[in-house]
Amino acid sequence: MLVLAGTPIGSAEDASPRLLRTLTEAEVIAAEDTRRLQGLLQRLGISTAARVISYFEGNEAARTPELLEELRAGRTVVLVTDAGMPSVSDPGYRLVAAAVAAELPVTAVPGPSAVLTALAVSGLPVDRFTFEGFLPRKAGERSRRLARLATEERTMVFFEAPHRLADFLRDAAEVLGAERSAAVCRELTKTYEEVRRGGLAELADWAAEHARGEITVVVAGAPAADADPAAAVAEVERLMAEGQRMKAAVAEVAERTQVARNALYQAVLAARKG
């Protein structure tokens, strides 16, 4: 069985008894960073006789077949990342998909999540949200991604590196609006945990001097707006100009704007005919 084991994002006290037992009894542990795994085991006061191998972004493709063979041989493979749940902006998805395709059992030891923790303490609506992970590092690509989220009504959660946080927030303020409410959550569950709330522009100024540690950003969704069919057609045309297929572009814009998909598709066809 493949076991995805959620590890503490900060405080070792968040480790569950089930996590301790799983790590202790594992036959194979695939770790994003084997040194960090050893550090975690020491902090938890446990040891393991498992075979420990590295499994990170750079070797996922090569190591996945090896781990599948371990699973086929009847061994329990535990996958851990540096913090939080595997496969959520961390290694793991490739192995999970391969195990599912091979009809091998997959389960999880639930654990802390920076996404849900930040969302819960942000003070922003939590009934509907979207996780966007890390946006592109290049400013132009980042701004284009933000532009595609400008009408997103759900609360949005992002990861960002501390040295890029101020730039990210400035771009978000320019595209989404300087007063759009947001929360910057840093060092969650650690000694110097801090949650800074405010408008995007205000937070960008703050981040220029105070961006340190592990960062999760929560941004309020856009206010609900009445559907504008003409604007929706224009947005589909823009996505197609960027190389997206018409069907996919229509589906994406229809979901974001609440314009009926079939009606939008016909409107785009009509506009292209002239």
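**Entry 1**

The model is predicted: local features need pLDDT of at least 70, side-chain atom pairs count only at pLDDT 80 or more, and totals for chains, interfaces and linings use all residues. Residues are numbered from 1 along each chain as its sequence is written, and side-chain values use heavy atoms, with hydrogens and water left out.

I placed Glu187 in the loop between β8 (181-186) and β9 (194-199). Its phi is positive, about 55°, although Glu187 is not a glycine. I then turned to Ser87, which also is not a glycine and has a positive phi of about 80°. Ser87 belongs to the loop between β4 (77-80) and α4 (93-101). With a relative accessible area of 31%, Ser87 is partly exposed.

**Entry 2: Salt bridges**

I recorded the general principle that side chains of opposite charge can pair when their charged atoms come close. A salt bridge is taken as a side-chain nitrogen of Lys or Arg within 4 Å of a carboxyl oxygen of Asp or Glu. How many salt bridges does a search of the whole structure find? The search gives 18.

I examined Glu66 and Arg63, whose side chains meet in a salt bridge at 3.4 Å, N to O. Both residues lie in helix α3 (residues 60-72), three residues apart, which is about one turn of the helix. Glu66 is partly exposed at 29% relative accessible area, and Arg63 is partly exposed at 25%.

I next examined Arg75 and Glu70, where the closest N and O atoms of the salt bridge are 3.0 Å apart. Is Glu70 buried or exposed? Glu70 is buried, with a relative accessible area of 12%, whereas Arg75 counts as partly exposed at 36%. I noted that Arg51, Arg63, Glu66, Glu70 and Arg75 are linked in a network of salt bridges.

I also checked Asp167 and Arg170, which form a salt bridge with the closest N and O atoms 3.1 Å apart. These two residues are separated by about one helical turn, because they are three residues apart in helix α7 (residues 165-176). Asp167 is partly exposed at 37% relative accessibility, and Arg170 is partly exposed at 41%.

**Entry 3: The whole chain**

I found 11 helices and 10 strands in the protein. Helices (H or I, at least four residues) and strands (E, at least two) are DSSP runs, numbered from the N terminus. Along its principal axes, the C-alpha trace spans about 70 × 45 × 30 Å. Of the 274 residues, 44% count as buried.

I looked up the contacts, where contact means heavy atoms within 4.5 Å. Among contacts with a separation of 6 or more, 70% are between residues 24 or more positions apart.

**Entry 4: An annotated span**

I consulted the UniProt record, an unreviewed entry, which places the feature "domain: RsmI HTH" at residues 228-271. UniProt positions are given in the numbering used here, feature names are shortened, and annotations may be inferred rather than shown by experiment. In the model, residues 228-271 are 82% helix and 0% strand. The end C-alpha atoms of this span lie 15 Å apart.

Conventions
Buried < 20%, exposed > 50% of the residue type's maximum accessible area, 1.4 Å probe, protein only.
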